[in-house]
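Have the picture open while you read.

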Amino acid sequence: MLNPNCFNFLTLFISLVSLPSPTISQSSSLTNFLHCLHYGSDPIVSQSIYIASNPAFQTILQARIKNRRFLNPETLKPVAIVVPTRIDHVQGTVICAKDNGLQIRIRSGGHDYEGLSYRSNVTFIILDMSNFRSIDIDVKTETAWVQSGATLGELYYHIANKTNMHGFPSGVCPTVGIGGHFSGGGFGNLMRKYGLSVDNILDIIAVDALGNVHDRASMGEDLFWAIRGGGAASFAVVVSYKIKLVRVPNKVTVFRKGFTLEQGATDLVHKWQQVAPNINEEFFIRVKLEPSFINGNQTVTATFIGFFLGRREKLLPIISKTFPELNLTQQDCHEMRWVETTLFWAGFPIGTPIETLLNRTVWTPLFFKNKSDYVKNVIPKESLNKIWKMTMAMMNRNDINKTRFDLECSPYGGKMNVIPESNTPFPHRKGNLFLIQYAFSWIDEGSNVSFNNIKKLRKLYDGMAPYVSKDPRECFLNYRDLDIGSSRSNETSFDDAKIYGRKYFKDNYTRLTKVKASVDPNNFF
């Protein structure tokens with residue numbers, strides 16, 4: 001566990017004093033910020049603060065920008081990037097930024113869909129937490145301390161190095177940072193058995209807007225509640241989490257099986273809506289829907305990706321009874337350790353070494369825009385046929401090698417029906433059949449390309465309105481979408497914020513605003 005040291009201004013040192021000069025006010029704020037951190041002689045941080053004149057600045061900035069839409073000259077750059085190595089460095093950054101009118105953007109993995117962990121429209125610095133990546137597994141107590149700059153893949157790898165009988169309920173992308181993932185709720189294929197990541201957090205070490213270090217006891221239950229799924233960066237800088245490990249069998253089973261419209265995908269997806277949210281909670285069966293071209297003809301492919309906490313001899317009779325139309329066979333099912341399933345779900349071939357989970361740069365960043373929806377009632381077949389037409393309109397034959405679009409549909413039910421909506425800020429519990437993520441990515445550069453692709457996605461999203469939640473039209477914070485509303489970086493209107501706040505948090509939004517007013521009344525974060 002981290003030692004919550006008290007802050008001492010004399011612990012920070014910076015040797016870089018050449019200043020960029022975008023404006024006089026920015027120059028003055030940055031100069032004062034650097035001077036605030038300059039007192040003392042700690043060589044550990046002499047290479048931990050980067051400004052625009054530093055040759056490494058662009059490399060550090062771009063290392064964790066996962067959406068190329070924001071790698072352009074029009075996106076305002078930070079005046080400095082702080083990459084701390086100790087908790088007192090975090091405290092100093094908060095205090096010095098606040099005293100000098102600089103906004104902080106907190107970045108762990110850089111996967112924020114709208115880039116809000118590394119961009120702003122006011123003068124700002126990035127607090128990059130990537131050096132805070134230690135993970136301490138305690139199998140005896142079935143707990144772990146994990147720092148916010150670690151990735152999901154690193155967490156899974158370290159758990160597996162200590163035990164084959166434990167896992168943790170989080171996402172399927174191994175390069176996602178712990179800090180951002182937990183901040184919005186965090187879900188994965190253990191959700192129906194054990195709930196979300198935030199449902200399994202026991203303690204937190206965080207730095208508040210005054211630069212003070214807190215654990216759960218000293219921060220109080222209101223702030224502890226808010227940080228677990230309410231957008232932690234609006235309240236504090238989370239340094240580490242104590243999590244509860246969950247039990248898994250030494251062997252689990254996965255499968256992946258696809259069907260086109262011509263092979264009966266419509267009937268299967270209709271049946272899936274009735275089965276997946278209600279089947280045994282040891283199951284998690286996602287369906288991915290994507291436009292495709294087969295033998296020159298356009299269609300939609302529905303790929304069913306399954307996870308089961310048990311062996312295939314137990315899985316197959318249950319599927320044969322509840323979802324026989326899937327025609328699942330022994331050959332379709334693959335048994336492996338839980339940690340190996342994290343690679344399978346990330347799209348790696350079976351047999352990929354688990355050390356791959358430690359690679360933070362597995363994929364080349366793309367241009368993308370994503371959105372989300374919740375479905376509460378079974379979508380009838382005739383409506384599915386309308387959705388297929390909208391889905392196929394997202395791509396034409398010339399787009400095959402340039403764009404990718406899919407609807408990822410993840411079932412709820414199980415444990416998610418048991419945990420009350422108010423237990424954490426994440427409110428999407430009982431009453432939801434499944435979550436949809438609309439994922440649209442492309443490789444061609446240019447603002448016109450991005451504009452046209454986003455326009456197409458918005459049109460599809462508007463067309464989905466009859467089939468999804470209403471009043472509010474709910475969405476998932478981890479799939480952040482500024483289309484539903486946002487405030488300027490230096491302004492917050494309660495009346496405006498409650499419109500999109502209710503979409504993310506429903507009735508929990510009011511409590512979040514009260515916590516915010518209590519712990520950060522000047523809206524530093």
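UniProt positions are given here in the numbering used for this model, feature names are shortened, and annotations may be inferred rather than shown by experiment. With that in mind, the UniProt record, an unreviewed entry, lists residues 74-248 as "domain: FAD-binding PCMH-type". Over residues 74-248 the chain is 26% helix and 25% strand, with the end C-alpha atoms 47 Å apart. Helices (H or I, at least four residues) and strands (E, at least two) are DSSP runs, numbered from the N terminus.

Some ground rules: the model is predicted, local features need pLDDT of at least 70, side-chain atom pairs count only at pLDDT 80 or more, and totals for chains, interfaces and linings use all residues. Residues are numbered from 1 along each chain as its sequence is written, and side-chain values use heavy atoms, leaving out hydrogens and water.

**Rings**

How many aromatic pairs does the structure hold? There are 22 aromatic pairs. Rings of Phe, Tyr and Trp (its six-membered ring) pair if their centres lie within 6.5 Å; planes under 30 degrees apart count as stacked, over 60 as edge-to-face and the rest as tilted. Take Y113 and Y479: their ring centres are 5.6 Å apart and their planes are at 5°, so this pair is stacked. The two partners are 366 residues apart in the chain, with Y113 in the loop between strand 3 (103-107) and strand 4 (124-128) and Y479 in the loop between helix 13 (447-463) and helix 14 (494-505).

Are these two tyrosines buried or exposed? Buried means under 20% relative accessible area, exposed over 50%, and partly exposed in between (1.4 Å probe, protein chains only). Y113, at 16%, is buried, and so is Y479, at 9%.

Now try Y156 and W338, an edge-to-face pair with 5.2 Å centre to centre and 80° between the planes. This pair also links distant parts of the chain: Y156 belongs to helix 4 (residues 152-162) and W338 to helix 11 (residues 338-345), 182 residues apart. Y156 is buried at 2% relative accessibility, and W338 is buried at 4%.

Back to Y113 and Y479: they belong to one aromatic cluster together with F187, F368, F426 and F476.

**Charges over rings**

A charge sits over a ring if NZ of Lys or CZ of Arg is within 6 Å of the ring centre and within 35 degrees of the ring normal. Here are two cases:

| Charged residue | Ring | Distance to ring centre |
|---|---|---|
| K371 | Y461 | 4.4 Å |
| R511 | W225 | 4.0 Å |

**Cysteines**

A disulfide is a covalent bond between the sulfur atoms of two cysteines. The cut-off used here is a pair of cysteine sulfur atoms within 2.5 Å. The structure holds one disulfide. C36 and C96 form it, with their sulfur atoms 2.0 Å apart, and the link is left-handed, with -70° about the S-S bond. C36 lies in helix 1 (residues 24-38) and C96 in helix 3 (residues 87-99), 60 residues apart. Both ends are tucked away: C36 is buried at 13%, and C96 is buried at 0%.

What about C173? C173 is in no disulfide, and the nearest cysteine sulfur, that of C409, is 19 Å away. C173 is partly exposed, at 26% relative accessibility. C475 is in no disulfide either, with the sulfur of C409 again the nearest, 16 Å away. C475 is buried, at 2% relative accessibility.
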